[in-house]
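Please keep the sequence and the structure in view while reading.

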Amino acid sequence: MSEQGQRIEVVTDQDVVRVRQLVRTLAVAVKLSLVDQTKIVTAASELARNTLVYGGGGWVEATSVDNGRRKGIRIVFADQGPGIADLDLAFTDGYTTGGGLGLGLSGARRLVDEFDIVTAVGEGTTITVTKWCR
Amino acid sequence: MTLSADEAARFAALVDEHQEALVTAWTERVASTLRGRLSHAELQRQNGELRRGFQQALAGSAQDLAAEPAAELRAQLAELSSTRARQGFSATETAVSIFAFKDAVLNAFDGVNVRDYVAFSSFVDEAALFTFDSYVRVREELIADQAEQLLELSTPVVKLWEGVVAVPLVGTLDSARAQVVMERLLQTLVDTGSPYAIIDITGVPAVDTQVAQHILKTVVAARLMGADCIISGIRPQIAQTIVALGIEFGDIATKSSLADALRYVLAKAGQNKQSKQSKRREP
Amino acid sequence: MERVPVLKIGDILLVSIQIDMEDQVALQLQEDLADRIVATGCHGVVIDISALDIVDSFVGRTLATIAAISKVLDADTVVVGMRPAVAITLVELGLSLPGIRTALNVELGMELLARERADYDDEEEDADGEDGAETPAVFTS
């Protein structure tokens, strides 16, 4: 069960800020604890920047979800970029191809409850993350 | 089976007509199940109000409990379950209080038409089930409240000295509690502007990898904020487990007692404060 | 584009980040600070992040870079006011901000800077006393 999500096209730096603000608003609305709000907004910021920097832009869609027992927030990050050739490598702390700290993917995965990634070389990457209220 | 409009009206009239006898009979039955834990007068009053609720719902020709005219009755039933749950009555005792209304009705008027009675009976059943549901909900809230209170009780953060706070941890640390301790400690550091924190684990019976991880994360988070954590009260067995589990405490200061930890912190704080003067005084 | 103001207080530059920075703003701050350190000759930088409700790896990296640049320009950097939730998240994220000194609030941050400066000055004085040499010339633009 979920409500209509809100989509943001991610093309510039400012869009990453807008993604953070949207996720923050939703996280407050579903009553995530302060620490969990901070975690999901940070994860969204990392992943939205990945969409922009590595995926060459794309879109982010955030939705509040309810599985009957708990409420939560689900965010999809999608791009039509080059995709990721070696997932294991991409999830290694400190590995980067873009001059970052290499904590984006692996770090973001530690900040959320559910993390799902679909990628193919040349076809882009779609990442879906979910954070549930405790 | 739902009540038809005229069945409801007939029962409303009956319940109204025989109110005194009905409430008395009902109270007798309930009193016997509760074995004197609520006073007779109290029960009489409660049942009187409930009877009025039933009567109004029926008079408004409520076909079932979800119907609009039964709103008042639902509120009464919820209230009843809530007080009973808080007074420590069981769910059965609460529901039986409502079921007893059927017996009272059957006893009070002979010669009720069977069809009518069955319809009426299922209406009362719904009401009793409703109390059961509300009862469970209230108990769940109670348990959640108590769990939260317990968390608050068990994690006091105390100010030991100017600029030094301490958390004496007592009991088993699970993930949820560790999280609360961590957040509370860090927030206290900010609120009091204390650059030193002592985590005392004298009262923690065992330290496993998970607990150690939580303590380590707290220490690292405090460092990121600009505060130093010292762990004190490490008992011999715990020291052995920590080493056996291969947990690295790295450069985190550990002391065997809270007193040692405080002495260490004060010395360190004093050193910082006086470093300038003492250096100048040295030849 | 918004800009983060850099204030000079005595021998210290104070930066209080009050907005949700986009990446360009963070990079701009990095440049502005380097310019101001050189222009003012300040030896300390206090960056107040108490208004930030998140610090992601980009902001973390920018802070580390600022600290490193300041060091090269002979100024110490202290990051102050990190919120508990932010610190917990950074630990989980795996970002330990190496090379960055931190303090709980602006006041403690300024004390920390003053203390380090004092220690440093003392060492220089001691050195001067021993060999009686002139204070070496400082390279500034």
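In this predicted model, chain B is divided into two domains: domain 1 covers residues 5-149 and domain 2 covers residues 158-281. Taken over C-alpha atoms, the centres of domain 1 of chain B and domain 2 of chain B are separated by 56 Å.

**Contact between chain C and chain A**
- In this contact, 18 residues of chain C meet 23 residues of chain A.
- On the chain C side, helix 1 (23-40), helix 2 (57-72) and helix 3 (84-93) each give two or more residues.
- Helix 3 of chain C supplies the largest share of that side, with six residues.
- By class, the residues of chain C that touch chain A comprise seven nonpolar, four polar and seven charged.

**Contact between chain C and chain B**
- Here 18 residues come from chain C and 20 residues from chain B.
- The elements of chain C that give two or more residues to the side touching chain B are helix 3, strand 5 (101-103) and helix 4 (106-131).
- This side of chain C has twelve nonpolar, three polar and three charged residues.

**A hairpin in chain C**
- Strand 1 (residues 6-9) and strand 2 (residues 12-16) of chain C pair in the antiparallel sense, over four bridges.
- Lys8(C) stands opposite Leu13(C), which lies in strand 2 of chain C.
- Two residues lie between strand 1 and strand 2 of chain C in this hairpin, and Gly10(C) in the turn has a positive phi of about 60°.

Conventions
Residues numbered from 1 in each chain as written. Chains lettered and ligands numbered in written order. Predicted model: local features only at pLDDT ≥ 70, side-chain atom pairs only at ≥ 80, totals over all residues. Domains from an automatic or database assignment. Contact = placed C-beta atoms within 7 Å. Nonpolar A, V, L, I, M, F, W, Y, C, P; charged D, E, K, R; others polar. Pairing = 2+ DSSP bridges.
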